[in-house]
Amino acid sequence: MAKRGDPKTLVLNNFEELKFVDNIYCPQRGQLRLFRFHPFAKYMVSKLVCSVPVQQMDVNQQQQLLKQYKERCKIKQPHIFYSIESESQKTMKLGQFGQTEVFQIFVFFEYGQLTLHELTERRQAKRYLIPEPEVWCLIKGVMQALHFFQNNNIPHGMITTKTIYFDEEYLLYRVYDQELIGGRWGNFNKYQQTKDPEIQVFLAPETKPFINSEANLLDTAQINPFKVDVFAFGIVLLQSLTLFQAFENPLKWLDQFYSKNLITFITQCIQPDPNKRQDWIGLYQLPLEPSQDQKINERNSLIQSHFENRGQKTFR
């Protein structure tokens, strides 16, 4: 007789071993090793998240660091991809001055495949906007994950349409513990100070002065990393709801099709003044659904005509 529990928990609790499949590369997550739960057909990946020369750490320090990763892997929330386990190894690495023995830590985590960016491209091809009930599912899913992170003092730091995923198996919008899989909590500064124009569109105004700086933004008083994530999520919503179309005033255009509560939510997210912008805890005070007297315009023929009358200029 099968044990009770949801399918995911049963798989995670009862797989016998991890079968290596292949080495793969992901633009958002880097070099990965793909595994399959045996005897189940569910996939996960492992990633090198820490590599330290052995001479810089004694055995106790190595074990303490591994313990920190194992504890971090225990963080669980439905809208965050599960980190299953972490393991360590010692190996020889060729460097500038010959071979050096290094202590490495790998983290195993669920493999998300379908990004919000890809979902939006599918809708763009059909020229249909996202129905408002689905938009609120996206908002609530991401907010639950990021609210959970904030309560644990964990910023995400890399919110884009390519780092939010749709789990087709469980019909959930989900994100990664980006600090964990990014390696020793270093991704926030690297991402927020990028010169990549495709990423810079998601950066909050208060981070722009630090793009060419080596400052640690997490130690900078005027930077609230949770409000930085909120701004990025507002841009994610604008891009997704306009299907990457470039508008001089996207909120005014979206107001034709979506409820006042949704427009208000997005406006709060992209508030340029960080002192007036809410963090995830503050956003929970806003209505997270349309009010009963606000009708949602989902007339696809009207929406389609708007796109047909426009050129194909897009922004990513």
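Is Asn153 buried or exposed? At 59% relative accessibility, Asn153 counts as exposed, where exposed means over 50% relative accessible area, buried under 20% and partly exposed in between, computed with a 1.4 Å probe and protein chains only. The structure described here is a predicted model, in which local features need a pLDDT of at least 70 and side-chain atom pairs count only at pLDDT 80 or more, while totals for chains, interfaces and linings use all residues. Residues are numbered from 1 along each chain as its sequence is written, and side-chain values use heavy atoms, with hydrogens and water left out.

The protein chain contains 12 helices and 7 strands, these being DSSP runs numbered from the N terminus (H or I, at least four residues, for helices; E, at least two, for strands). Of its 316 residues, 49% count as buried. The accessible surface comes to about 16,400 Å², of which 49% belongs to carbon and sulfur atoms; such areas come from the Shrake-Rupley method with a 1.4 Å probe, and for residues only the protein chains shown count as cover. Among contacts (heavy atoms within 4.5 Å) between residues at least 6 apart in sequence, 67% join residues at least 24 apart.

Confidence is expressed as pLDDT, the predictor's confidence in each residue, from 0 to 100. The protein chain averages a pLDDT of 82, and 86% of the residues score at least 70. The mean is lowest in helix H12 (residues 300-308), at 46, and highest in H8, at 96. Over residues 297-306 the pLDDT is below 50, although this stretch has 16 contacts in the model beyond near neighbours in sequence. Residues 311-316 likewise have a pLDDT below 50, and for this stretch the model shows 23 contacts beyond near neighbours in sequence.

In soluble globular proteins, nonpolar side chains tend to be buried together. A nonpolar core is here a set of buried Ala, Val, Leu, Ile, Met, Phe, Trp, Tyr and Cys residues joined through side-chain atoms within 4.5 Å. The largest such core has 59 residues, of which Ile139, Ile164, Phe233, Tyr258 and Phe265 touch the most other members. At least two residues of this core are supplied by each of several helices, including H3 (116-126), H4 (132-151), H8 (225-241) and H10 (260-269), and the largest share, 11 residues, comes from H8. When residues up to four places away in sequence are not counted, Phe265 touches Trp136, Ile139, Met143, Phe233, Leu237, Leu283, Leu286 and Leu288. A second, separate core of 22 residues includes Cys26, Met57, Phe81 and Tyr176.

Helix H4 has 20 residues and reaches 28 Å from its first C-alpha to its last, close to the 28 Å expected at 1.5 Å a residue, the expected span being 1.5 Å times one less than the number of residues. Phe148 is found in this helix and, at 23% relative accessibility, counts as partly exposed. Leaving aside neighbours within four places in sequence, Phe148 is in contact with Ile75, Lys76, Gln77, Ile80 and Met143. The C-alpha atoms of Phe148 and Ile80 are separated by 9.3 Å, whereas the two residues lie 68 residues apart along the chain.

Asn153 lies in the loop between H4 and strand E6 (165-167), where its phi is near 55°, a positive value in a residue other than glycine. Phe244, placed in the loop between H8 and H9, also has a positive phi, near 70°, but Phe244 counts as buried, at 0% relative accessibility. In the loop between H3 and H4, Ile130 is buried as well, with a relative accessible area of 7%. Beyond neighbours within four places in sequence, Ile130 is in contact with Arg123, Val135, Ser240, Leu241 and Tyr258. Ile130 and Thr120 are 10 residues apart in sequence and 8.4 Å apart in space, C-alpha to C-alpha.

The cysteines were considered last. A disulfide is a covalent bond between the sulfur atoms of two cysteines. When a disulfide is taken as a pair of cysteine sulfur atoms within 2.5 Å, the count comes to 0 disulfides. Cys50 is buried, with a relative accessible area of 7%, whereas Cys137 counts as partly exposed, at 47% relative accessibility.
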